[in-house]
Amino acid sequence: MDYLKLKEEFKTPFYLYDFDLIKSRFLELKDVFKARKSQIFYAMKANSNLSLLQMLVRLDSGFDCVSIGEVRRALRVGAKPYKIIFSGVGKSEDELEQALKFDILYINLESEEEMLLLESVAKKLKLKARISIRVNPNVDAKTHPYISTGLNENKFGVEIDLARKMYLYAAKSAFLEPVGVHFHIGSQLLDVAPIHEAAFIVAKLLRELKALKIELKFFDVGGGLGISYEGEKEPCLYDYAQGILASLTGLDVTIGLEPGRFLVAKSGTLVCSVLYEKNTLKKRFMVVDAAMNDLIRPSLYNAYHEIVLPYAKGEPSLCDVVGGICESGDFFAKGRKLPKSERGDIVLIKEAGAYGFTMSSNYNTRPRICELAIENSVVKMVRKREKFEDLIALEEECLD
Ligand SMILES: *Cc1c(COP(=O)(O)O)cnc(C)c1O
């Protein structure tokens with residue numbers, strides 16, 4: 001990749017995504033489940049760029065959405081409503097109403113209260129709401145506590161006994177139609193055993209319900225597949241699939257998959273430039289033109305991202321790579337061995353395709369950076385760089 005040429009044309013910083021890599025990972029995942037019916041619902045919170053979504057629509061992907069805004073993104077790029085599902089612990093009444101009107105595949109319920117609210121909304125609209133229940137199987141996903149979601153102490157989903165009770169209620173309701181079950185126990189999982197454990201627990205519930213004549217069609221195993229940021233061993237897709245398939249004996253279901261990070265993380269690079277090399281009495285800092293508002297994962301989770309200076313020839317030594325924001329937490333790496341750089345040198349922050357741009361903000365009145373994509377060796381801009389005027393547009397309307 002000729003980053004110098006890209007810099008000349010687009011300036012830094014920018015995100016660069018490899019769409020071909022996303023495609024191949026999508027097809028790889030689909031393939032390991034070919035023994036059964038399956039549907040990928042891409043978890044778009046990882047990266048919701050419209051061009052990226054459009055490319056996935058062409059591959060027949062579905063979408064897992066966590067706000068009505070995300071549902072509208074999916075519809076906007078031509079996804080069929082029956083390929084869209086809606087999850088999240090805090091859906092508002094208005095969001096539930098809109099989701100029903102859009103006639104999406106199902107709504108993933110996360111509490112009994114939400115089920116009752118949805119029932120009343122469906123009644124008001126004279127519709128029948130297709131539902132799935134997010135079960136919290138109480139297994140330890142062994143990942144970072146901020147991205148672990150499958151223990152009873154987490155806010156997500158409902159305990160299995162409550163789920164059973166809710167299905168019995170929903171099956172009798174004139175306005176609810178149970179069609180699926182769902183679990184998602186955490187993110188960045190490198191060991192798939194906890195997912196298999198959860199699948200067996202949840203499949204058992206499905207068999208019990210089947211005996212009671214409540215037949216669920218979708219068995220949604222969530223996302224969470226981890227990727228290698230720092231040389232970790234990635235889970236074997238074949239093993240991942242086999243464990244899930246093994247849990248489903250005697251059940252005729254479509255397997256739902258909600259990969260986010262797995263599909264997009266590796267495809268993305270945050271490309272920035274060195275502003276200054278700064279040496280204090282204690283430390284060497286490399287100050288770059290991107291900052292925590294562009295990629296917050298190091299600040300938020302202490303996440304590791306590989307950093308590469310493809311053109312710098314200087315002697316390597318330890319340094320902190322930091323942005324220019326007025327927070328000590330604004331860093332991309334600490335104590336990393338990198339070559340001495342010159343002002344303007346290109347810096348690549350790797351594996352930034354998931355939870356990068358979607359978590360970005362305008363903190364410090366910094367415009368969001370542009371997003372580029374490469375597909376079949378052609379580079380295109382898929383989101384423009386924001387301008388100062390974009391940032392203040394809504395405030396300006398309020399001036400006297
Ligand atoms: C975030 C999320 C996902 C995607 O998680 P990844 O770790 O990025 O694969 C899938 N399903 C639900 C319900 C989520 O909240």
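Helices (H or I, at least four residues) and strands (E, at least two) are DSSP runs, numbered from the N terminus. This is a predicted model: local features need pLDDT of at least 70, side-chain atom pairs count only at pLDDT 80 or more, and totals for chains, interfaces and linings use all residues. Residues are numbered from 1 along each chain as its sequence is written, and side-chain values use heavy atoms, with hydrogens and water left out.

View 1. Buried residues (under 20% relative accessible area, 1.4 Å probe, protein chains only) make up 54% of the 400 residues.

**View 2. A cis peptide bond joins Thr12 to Pro13.** Omega is near -5°. Pro13 sits in the loop between α1 (3-10) and β1 (14-18).

**View 3. Asp60 has a positive phi.** The angle is near 75°, in a residue other than glycine. Asp60 belongs to the loop between α3 (50-58) and β3 (62-65). Its relative accessibility is 47%, so Asp60 counts as partly exposed (between the buried cut-off of 20% and the exposed cut-off of 50%).

**View 4. Asn302 is not a glycine, yet its phi is positive.** The value is about 55°. The loop between α11 (297-301) and β12 (307-308) holds Asn302. At 60% relative accessibility, Asn302 counts as exposed (over 50%).
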